[in-house]
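Take a look at the sequence and the structure shown here. Then read on for a short tour.

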Amino acid sequence: MNDYHHIPVLLNEVIKYLDPKPGENFVDATLGGGGYSQAILKRILPKGKLLAIDLDTEAITNFETNLKSQISNQESVILVHDNFRNIDKIVEKHKIKGVDGIVADIGLSSYQLDQSGRGITFQKKELLNMRFDASVEQVDAKFILNNYSYQELEKIFKEFGEEKFSRQIAKKIIEFRSKNSELRYTTDLYQVIEQALPKPVKHKAADSARRIFQALRISVNHELDNLRELLEKGFDLLAPGGKMGIVTFHSLEDRIVKHYFKELTKGCICPIDFPKCVCGKNPQGRLVTKKPVTASAEEIKNNSRAKPAKLRVIQKI
Ligand SMILES: C[S@@+](CC[C@H](N)C(=O)[O-])C[C@H]1O[C@@H](n2cnc3c(N)ncnc32)[C@H](O)[C@@H]1O
């Protein structure tokens, strides 16, 4: 499968801040096109180990078919088709002792967006699927759109898309369902979104569609819950001094990472008028990046998809 493509985002920054060293053990929680994995392997070989996870079998197959042969010590890479929310069990199963670094690049590979045919983008007519893991039966976007109630749809659009016209769009979907048989294609959904918008903002239908498509994708794949679990379990797995770096592409995810990292850096949480500490809490982590790291103008010029990306890194104390 040679058509799997993805230009890694913030690659230099990820390597700079995580700073993999010879002999270390790393987890790439989102293998994708393998850009981060390859760069990490270059640094940790010959004695280090890389465990690379992806929910999408096509990412795993691509690495196995096209990239693995280029690695000098092939035993040092373990590829796992699974959800990164199970990182604790995966690491245990593969007996990785002492994790020195974890990286996750949350979101979509260019392949998934442009070529996977899963209805993730509204730029093409495709069936409304949106599942990252095409190998298991689970609720897809089409099911949600044709079966969820008005209230459930509105909640998804509001919470995961932060869409101002969530009510109007959810209402139009219910109307569409009562008149036509079902919403099947990305183009059906785009049409409904456009119709739902008030006249003065109809020309901004693409912006609303981007938010609604994002909301559905997050809901179908439980993306925010997966991220929360990855953060907690991942941090627990780190050896002292180990680092975890997360790249996100929208504010909902970045907020989750920011708050979780902040919690880990907090020490005593006793009220300020307590004469002495009774909580006994010590900081567990140190922020390696005080502010999120974003892509340089040059990277954005070469790859516009890097524009919203934010990298945050924490180190275990
Ligand atoms: C943006 S790509 C990663 C690109 C990669 N950093 C590179 O250098 O090519 C994100 C990948 O994460 C995967 N993914 C998303 N959610 C996941 C999850 N919960 N568990 C495992 N993989 C996931 C997607 O299938 C996709 O392949």
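Predicted model: local features only at pLDDT ≥ 70, side-chain atom pairs only at ≥ 80, totals over all residues.

Residue numbers start from 1 along each chain as its sequence is written.

**The sheet**

Seven strands form an open sheet with mixed pairing. Their order is E3-E2-E1-E4-E5-E7-E6. Strands here are DSSP runs of E with at least two residues, helices are runs of H or I with at least four residues, and both are numbered from the N terminus. Two strands pair if DSSP finds at least two bridges between them. E3 and strand E6 (285–287) are the edge strands, and each pairs on one side only. On average, neighbouring strands of this sheet are turned by 15° against each other, direction ignored.

Strand E2 (residues 49–54) pairs with strand E3 (residues 77–81) in the parallel sense, over five bridges. Ala52 has Leu79 in E3 as its bridge partner. Ile53 stands opposite Val80 in E3.

E2, helix H3 (residues 57–67) and E3 make a right-handed β-α-β unit. Right-handed means that, with the strands pointing away from the viewer, the path from the first strand over the helix to the second runs clockwise.

**Two helix pairs**

Two packed helices are described by the angle between their axes and the distance between the axes. Axes are lines fitted to C-alpha atoms, for helices over the stretch in contact, and angles run from 0 to 180 degrees between N-to-C directions.

| Helix pair | Angle | Axis distance |
|---|---|---|
| H7 (residues 150–161) and H8 (residues 166–179) | about 140° | 9 Å |
| H1 (residues 11–18) and H2 | roughly 40° | within 10 Å |

The angle makes H7 oblique to H8. H1 and H2 are therefore oblique to each other as well. Angles under 35 degrees count as roughly parallel, over 145 as roughly antiparallel, 65 to 115 as roughly perpendicular and the rest as oblique. H7 passes H8 in a right-handed crossing. H1 passes H2 in a right-handed crossing too.

**Around the ligand**

How many residues surround the ligand? There are 22, and the closest are Pro8, Thr30, Gly32, Gly33 and Gly35. A residue counts if its C-beta atom, placed from the backbone, lies within 6 Å. Helix H2 (35–44) and E2 are the elements that give two or more residues to this shell.

Note on methods: Left-handed = near helix turned anticlockwise from the far one by under 90°.
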